[in-house]
Structures are given as C-alpha cells and as structure tokens.
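Here are some quick notes on backbone geometry for you to look at next to the model.

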Amino acid sequence: MNLIPSLLLFACKVLVVFCTTAKYSTFEEDAAGTEIGNLALDLRLDPGEDPETSFRFMQKNNQSVVNMRPTDGLLTVGEIIDRERLCLRISPCLITFDVVAFSKEKFHLVHVEIEVKDVNDHAPRFPRNETRVEVLESASVGTRIPLDVAVDQDVGDNYIQSYHISHSSHFIIDTRLRDDGVRHAELVLVKKLDRELDDSYTLEIMATDGGTPPKSGSMTIYVKVLDCNDNSPTFEHSSLKVELSEDSAIGVRVLKVHAFDPDDGLNGQVVYGFAGGPASEAARVFHIDSATGEVTLREKVDYEKQRTYELQIQASDLGESSAPSTCRVVVDIVDINDNAPEISIKPMTSTSDGVAYITEAAAQESFVALISTTDRDSGPNGYVRTSLQGHKHFRLQQAYGDTFMIVTTAALDREQIAEYNLTIVAEDLGSPPFKTVRQYTIRISDENDNVPQFSQTVYDISVPENNIPGSYITTVTACDLDAGKNGKVIYSLVDGQVLDDSPFSTFVSIDPLSGSLFSLRSFDFEALREMEFSVQASDKGSPPLSSVSLVRIRVVDENDNFPYFTYPEFKNDSADVPLPSNSPSGFLALRVAAQDEDDGTNGEVAFRIVEGDKKLFSIDKKTGAIVLRQKVTATYGDTLQIKVSVSDNGKAPLSRTATIRFIVTDPASPEEQVLVLLNSKDEERLDAWTVVFLALAGGCALLLVAIAIVKGLCKLCQRKGRSTPRNTACGLYGSTPFSMHSASAGAYGGMRVFLNNERDVARECLYEDKSLGSEEKLFLPCKPFQQTNLWQDEKYCLQKSGTSNTDQLSMKDSGKGDSDFNDSDSDISGEGLKKNLTTFQPWVKGSFVAHDSPVADWQGRYGGSSSGDVYTISFSQSLAHNKTHADPHAWKESCYGTSTLKARNSALTYLRTEALPSYAAHRAAVGIDQRLELSPDGLADSTASEIATTF
C-alpha cells in the first residue's frame, strides 16, 4: 500500500486564515489504525514551537472511517473501508472533510481529500452460467450475436479487461466498450455454417480483469444451427442513438425500429423484442411493441442516477427456423434543471445547528464558517452562484471549487452588535433558474475587553458625626458592558491609612456584590473631619480588569459639645475676682472667655447674666465683657455675686453656667482703671429678627390708624351730604339713591318718575311713619332684611292684585306661621291685599335724573337694576293719556345694567337689604313734585296708588 501522501497547496491566503487543500490516498481493506498522513508535517507546523497548536474537524462526517490526532493532525484509518459500498462504481472514490489548524495565533483551514484506492477483491461474473443461441446455416460471415454482460464491482485495472472464447473454427469473441464504461462481448461468425455437417456448437466464454493476480468468470454458450430460411428480417439501421429528456412522462414514445422480411405469410411476419428477454434491464425501463417495433418509456428515468441506456432489439419472423437480427440502440438521457442547489455550512465554532460563534477579539478577515454548494444537475444547470446578504461586516471568499469561506470585514464589538442574521443565496444558471435561500446566525462571543466604569469618578458624601456603627453610608456603582463572568463586578477597598496609622478598613466596610458602604465606628467631627479612600471595581474575566473611584467622606458637625469657660480659672464652677471699691460706672470689671469645640454656628458662644444684680452689672454677649452700670458703693457690701451663662448657637443650644464673686478691694488708681462706654439699651442687643419683627408690628399699627382715620372721614362726609341739597333722592333702601325726572306728558296719574340706582352714594333712611294711627302704623326695622323664599319659584317677586289689576306686595305677615301657603304675602287670590296697609309713592326728595338715564317703562316692564341690591318697584297700569313726550329710546340706550322684564306681571329684583325711607320723607318728595314743570299736554289722572314694597 502506498502511504506517501500527495499534498496540494492552494493560494487562498488571507490575513488570519490560510486555506490549504491536502490530498492523501489509502487502500480499501486497510486495517484500522493504518496511518494516512500527518497534517502538521505537511503544513510545516511544529507543535514543539507552539504548544497551543491544535487540529480539529470542522464537521465530522466520516469520524468512524478516518481518525485525527488533535495535537499534530495525524490521520489514520478508523475502520476497514469497503470502496464498493462507499462509492459503488464512482471513480475516483474520495473521502473529503475540512480541518481547522491553529498555530502561532493563526488559523489554517485545511481541505482534506483522501482517495480510497481499489483492490481486486471482486471477480467478473456473468448473470447466467450458461445460455443458448440460434443461428441460421445461411448466416453470412461477420454475423454478430450479442451475449450477456459480465459484471465486476471493481474499477480501473481491476475491472474486466478482456473476454476469451474456447477454441472454435466458426466463431470468435469481440470485446466492446459502451459509453457508460461497461465492457461487453459479442459472438462473431467467421466461417460459413453447414447444418448437414454440424448442427450445434458448445463454446466457453471467459471474462478476465486486470488485477494482480487477475480474476475471471466464465459462461457456457450452446449454439444451435437452424435449417435455412430463405429470408430473415433485416433492420434498416443496425445501430441507432436517440436522446430522451429526464422529465419525460411514462408512456412517451422513444423511437420506432423497423425490420424488413421479403417472405410471404408467416415467414414474412416480423416480431420485435429485447435481447435477454423480460428480465433484462432494457425490458424493465422500456417497452417495445412486438408488432410495430415502437419503443416507449415504462419507468421514469433520472439523469443523476443513470445517464445512458443501451438496448439490444431483436427482429424475427414467425416462420420455422427463423434467425433473428439485432439492432443496437443507445438512449442518452438529457439533463434538465430539476434540482435546486444544496447549501452546506460548516461553522468554525458552533454549539448548535444553524448558529456560528466568533469572538469579538477576532481581527479583520477572520474565518467564521465554510459554505459548500452542490447541484446534481450538469452543465449550466449545475453551475451555482453563491452570495451573502445581511451585513457589511461579513463577506464570502472562495476557498476551493464551489466552497466559500465567510470572513469578517471589520473588527467586531459584541457590546454594539451581539448577533448577526445573514442570508446565503445559491442560484444555478438553469432556465428557469433554481434558487436556494438559507438563513444563518452568527453570534459574537464576549471577550473581557471592557473595564468596569464607575458612575462617578469622585463620590462626595456627608455623614453626620455620632453616627451609629454599622449604619449605611452610600452605594458606589460600576457598570461592565461585558457579559457573563466578564461583566460580573466585585467591589473592594484599596488599603490605606486614615487616622493614627489606623487602616481605614476599620472605619468603613463595603459589600463586595452591591458596593454599599457601611460605617464601622461612630465618627467624631472634632477628631476626624474628612477622610478619603479608593474603591476598586474588578470583573471576573481572565485576566480581570479593574478601575478605581475616589470616595471622600466629610463628617458633618453636630452640636454635641458644651461650651466651657476658659477665663478666668473656675474651680467648682466659681471664681473670685477683685473689684476696686472706687470702681466708677462703666468700669470693666472682668472679661470672661469661653470656647466650644463644635464648628460653625454650633461653636459660636454668647454670654448673659442669669442671676445677680443686672442693674449693677451688664455683660456683652459677644465679648463677655462685664461692666459696672453704677458706681460701687458701700451699700452693696464686700462681695458682689453674679451667675454667668455661656451658650452656643446650635439648633438645640447647649449652655454652661458659672458663678463669679466680685470681692470689693482697696481703691485702685484711676490710671489702672479701664472704662467702657455703655450703650443706652440693655446689654442684650436686639438681633436682626427682633428688629424686623418690631418694624412689621409698627407698620401694622400705623396701617390700622390710617384705616380708622379714613373711616371717620367717610362718616363725616356722609353727614355733610344729608344736610346739603342734592339732585338725588334716597331710594327704596336709603343707601341707594334714585334720580327723578319729570315729563310733560305722563302716562300715570302722578309724576312720571325715572329711577336710577347710584351705588356711589350711601345714605341711611328710616322706615318709621309717626303720622299714622296705631292701627294703621307700619313698623319696619331699620336693620337689613334677610332673604326669604316664597312658596313660588322666585325670590322677592311682586304679587298681582286680582281686584285692581295692580302689581302689589304685602309687607305684613299673616301671623299664621312660617308656611307660605297660609301667608298673606304668598296669597295669590288677592285676599291678603284687602287689608289696610301703609303705602307710599316711590317719589323721593332729591334731584331728577338726566334725560339719558336708565328709566322704568310706564307699563312696569323695565326698570333700573343694580347688582347686589334687592328691591321691588311696581307702577299703576291705567293710562290717562296715550300720548307721551318721553324719549322712546331712552331705556333702550341705557348702559347702566337695565333689565328687561318678560311679562307685565314681572317684578324688578335688586339685591339690596337696607331700611326703607319714612313716609314723611315721601310726603316731602310730593311737595317737590308739585313744583316740577309739566308738559302742556301731560295731565295724568291716577286711578290707583303706586305701591313699592321690599323684602
């Protein structure tokens, strides 16, 4: 067995992947473990130089046939190979697979082809051990008689090479090679036959292959010589060749043969058939009409299975001693485009079908997967064009033949695109073309190429002092864009010193998973005001990546320290201080000093005297200077004692007190005395907030005084207004004046009156009328009336009298309770209006309205309205004259809120609650009315009094 491999290198080198085709050969029947070849040796790769050198199958299709050692790529036979079972009669018989070799940080794609060579393990064999043939004694020299084809499963030189015949003077054997590579034999007549001399022959045919040693098979032929038949059928063509499309339907006509026999009767009647009978391969696929010689298709043909058929058609007559003639017909199957291209994908790294993996650290032009396309058709129908669609980061590069590599065109980043969905399209050149589309997914495997990133580079944290040990401080967070363990972040403290060479790990701790910081001790602002340390975030990649962030903790001061006196020296919170007996007023007796360990406002101290004679001593709360207010006299005694307090300025102030005893001593010289100029106010000065408060209080007091003055001036103006004649009269409610205007032609018996509500004048009018009798006197309160609801829908509405057809309202209650049904005010029958009531005409003293003032219509439909007042006005309905000199447009042009009444019965409602004017005021208004100038034709006679009431 030849173990020398043949290696063919193809120039398809890329930046990262080297494509190589290695060809080896082995023989069938080799024992398992037989060495085929060594890839490392043939590729010139030395595993000793690079321990990481490795070889692996891209896709193990023949793992039981061929084995490979991963370290050096040694190929060996896995099991005994039977070439005839593996490849049938296909030659050469190849085992192909692809190997990926990695060495020196480079990938090598190796296409391996192993040819399985044939050994002569099969002998030629005839279908039958013996056969019988007939020949006419009149057969001419050169007549050929076809024989059964011998079969040999071996190929090449081990196949049948020759046929031999036993010694015969009349026959020889002729060997022929068909288009499909099959070698067959024909018996040829070389000498004229004579039946009277010899009517039969026995021949031995032997088929021999070319193996070493050669093998052979034999068959016995019995030849019978028939009596002469004048004429035998003769074919027009002894050999024919036709084409048949592989998509032909069953029953389609293939061809028609014709043989001519000039004899008459049965001797001239020709019948057709296949040589070899119904058991032959031709009879299985084709059918021949014995009478017409027409050959039709019996079974579907497939170009990809068998590309040609050879038919031996015999023609014979029905006469006795008929000698058949033979026509050789070759049927070539024509290929059509009936097979779609097939796509085979072999990923470089894969864990599931249809998905390839590649690391994001792969460089440009990195090999991802191998794509192979095949088409069983031939010619243009079998030519395949392959394309890759989906993303510009990948492209196809030809590796060998119809095999392509998917390679990268740019650097990949899993954090940007984690998965690519590609489309592979394979299309043949047939007409019409067949197309195969396959989806393929490429997933990017993660590499630890991202450092954990903190959300902040510096964390500034404020923690109040006196915190509880173990309390939560803050959480630092870091994000790693990698996946899996490469993105898992672990937090830790970077060791260092904080205070008194103590490691800060004794001050704070950190949760390694969450990054939460906790205090391990209580912080003291006075001892440690600030500390800085670093937190490290590391991932679990290999090698791990890490980053550091600075944490700055500022301890916030709290008012936790009491102020204490530093001068003078106190013992048991008391001190004795000498005071000269001749100390004058303003003498600086002592300047106390205090200190507070707290910071800011918590450390600001203030002094005050809490016990003692404050008339004698004063203290400056800022400086602590104690000054005499008065001169020391003998009446104060020998010892003067005060208690001084010092307090801080915290939210919850802390304070401390001490007792100072001033011991009166001998007089001191004036030069030794220090005098302080005392302020006119107390020693405790007012602070800013107190000043602001006092200023606001003073401003409010001034505002109240101003309001009182304005109110008094308003009342004074009102009194002056009553004593001064005006052009307005007190209205129905006193404070609502109404203007009056007289027309020459009145529609009423009395004066024609226009009412105008002027809200800018306020006036009090009383309702009391003392001129009436006790039975008829109407007592009305001067205080405002409260609004009441009638049993009808509207408030403060007028009632219409049934006797005089005059809108009236009663101001007298029936006294029967609060029910509206029994109240004369709500009695719509008119009975309640028959009682004697004190009424008055709504003519008031004052001035008349202008011609363009809002007016009340003569029919009682219109009237002046004032928002916020309530009063009701009613007029008589009887007219003395139909002619009026009033301006008919006066009420329409009013812009003072005139209301339009929708019915004659309607009432004008004004929201006003004050006392009505007295009847005396009304009579005074009548006197004024008599002096009004009337129109020459304006005489009116009143048939009913105008009544005005209010609620």
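1. Where does proline 213 lie? Proline 213 sits in the loop between β14 (200-209) and β15 (216-226). As for the labels, helices (H or I, at least four residues) and strands (E, at least two) are DSSP runs, numbered from the N terminus. The bond joining threonine 212 to proline 213 is a cis peptide, with omega about -10°.

2. Before going on, a word on the basis: this is a predicted model, where local features need pLDDT of at least 70, side-chain atom pairs count only at pLDDT 80 or more, and totals for chains, interfaces and linings use all residues. Residues are numbered from 1 along each chain as its sequence is written, and side-chain values use heavy atoms, with hydrogens and water left out.

3. Another cis peptide bond links tyrosine 567 and proline 568, with omega about -5°. Proline 568 belongs to the loop between β44 (564-567) and β45 (574-580).

4. On to phi. Glutamate 29 is not a glycine, yet its phi is positive, about 70°. You'll find glutamate 29 in the loop between β2 (17-27) and β3 (35-38). Glutamate 29 counts as partly exposed because its relative accessibility is 40% (buried is under 20% relative accessible area, exposed over 50%, partly exposed in between; 1.4 Å probe, protein chains only).

5. Arginine 44, also a residue other than glycine, has a positive phi near 60°. Its place is the loop between α1 (39-42) and β4 (54-57). With 71% relative accessibility, arginine 44 counts as exposed.

6. Some background for these picks: most residues other than glycine have a negative phi, and most peptide bonds are trans.
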